Amino acid sequence: MVVAGGTDLFPNMKRRQQEPPVVIGLRSVGALHGVQTEDGQLRIGALTSLHDVATHALVRQRYPALAIAAGSVSTPPLRRMGTLGGNLCLDTRCTYYDQNYHWRKSIDFCMKKDGAICWVAPNSPRCWAVSSSDTAPVAVALRASLKLVSASGERSVSAGDFFRDDGILYLTRRPDEIVASIEFPASDGWRMTYEKLRRRGSFDFPILGVAAAVKVSDGVVEEARLVLGAVGSSPIDQSHLAAPLFGTRPTFEAIASVAAAAYKGARPLDNTDLNYAWRKKMARVYVERALAAVCDVEIPEIVR
Ligand SMILES: Cc1cc2nc3c(=O)[nH]c(=O)nc-3n(C[C@H](O)[C@H](O)[C@H](O)COP(=O)(O)OP(=O)(O)OC[C@H]3O[C@@H](n4cnc5c(N)ncnc54)[C@H](O)[C@@H]3O)c2cc1C
Ligand code: SF4
């Protein structure tokens, strides 16, 4: 396996969730670092630290949702080590998996590593571990693409196609490919944000993330994107549900009806922090907040 900042892989190796016989460090490859612009697009090297992404003046100005998401990952020391590429390749998480070896052994392990059964859904043929990356829903919402490089060549894959709805095979990246860079299309005319729900505001993985973006002209919405994170094994693109906002000057009522539709698509299971039924309800609240923010619509006092 390759390692970037090691803030996910090394703890996992200590708990024997991942046991690669060989680990290859990427940090010294200079070409994988840095933030560049070209033809209005933004290219971020996969090894760029989350701190550098979150504090970069151009990212903050033109891609604020990305800056917010990167800046909300774990703690300042981990953001200085952790990288954007590592965050997008982050292993999926589950209460029955993110435990030490002896804890997992005591339940005879589970399907994701060393075992045969899924303790969350015992009759399920698949693993439901959760995509818990903060930047993943933002990358999907902003229609970013990832440049993958291997000994046999290069290819570019959209963020939407990079993630797979499976707790074990959660990426479409081949094992011999590394993520070299992430490209974000020009953001002219777009307003965007990222809302994160977690137990502790100081640091914690998301148990819900909402990336919202709207393209507005004279106050009228031309296009909208809405992607939920941490409520499934991959980011859930709900952008089609925001179509009723197109060609309108959104009201809170219109936003609330999009949020009511979007929250039905959030299907959190009982395998991360806090109560999953409450997390589902919060999807509606957080979608309302995110869309109201990007559409510059005030949330009525009674709802707040
Ligand atoms: C206490 C704690 C709190 C955390 N909180 C959060 C949080 O709130 N939100 C969040 O999103 N994450 C959180 N994390 C997880 C982690 O710190 C971040 O996701 C970080 O961005 C991972 O990046 P990294 O460079 O350290 O990845 P690594 O640990 O180096 O790698 C992670 C995975 O990505 C693969 N990988 C890394 N780079 C590449 C590449 N260029 N090409 C191909 N594969 C690659 C590795 O092989 C590995 O499978 C937390 C971790 C800890 C320990
Ligand atoms: S969802 Fe099931 S198989 Fe996947 S990690 Fe959790 S318990 Fe294991």
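A polar contact here is a pair of N or O atoms within 3.5 Å; within protein, one must be able to donate a hydrogen and the other to accept it, and residues adjacent in sequence count only if both atoms are side-chain atoms. With that in hand, a backbone N or O atom of Asp 204 sits 2.7 Å from an oxygen atom of ligand 1. This is a predicted model, where local features need pLDDT of at least 70, side-chain atom pairs count only at pLDDT 80 or more, and totals for chains, interfaces and linings use all residues. Residues are numbered from 1 along each chain as its sequence is written, ligands are numbered from 1 in the order in which they are written, and side-chain values use heavy atoms, with hydrogens and water left out.

**Ligand 1**
- Gly 5 puts a polar backbone atom 2.8 Å from an oxygen atom of ligand 1.

**Ligand 2**
- Around ligand 2 you'll find Cys 94, Cys 110, Cys 118 and Cys 127, among others.
- Trp 119, Trp 128, Tyr 96 and Tyr 97 are also among its neighbours.

**Overall fold**
- The protein has 11 helices and 11 strands (DSSP runs: H or I of at least four residues, E of at least two).
- Along its principal axes, the C-alpha trace spans about 55 × 45 × 35 Å.

Key. Near = heavy atom within 4 Å.
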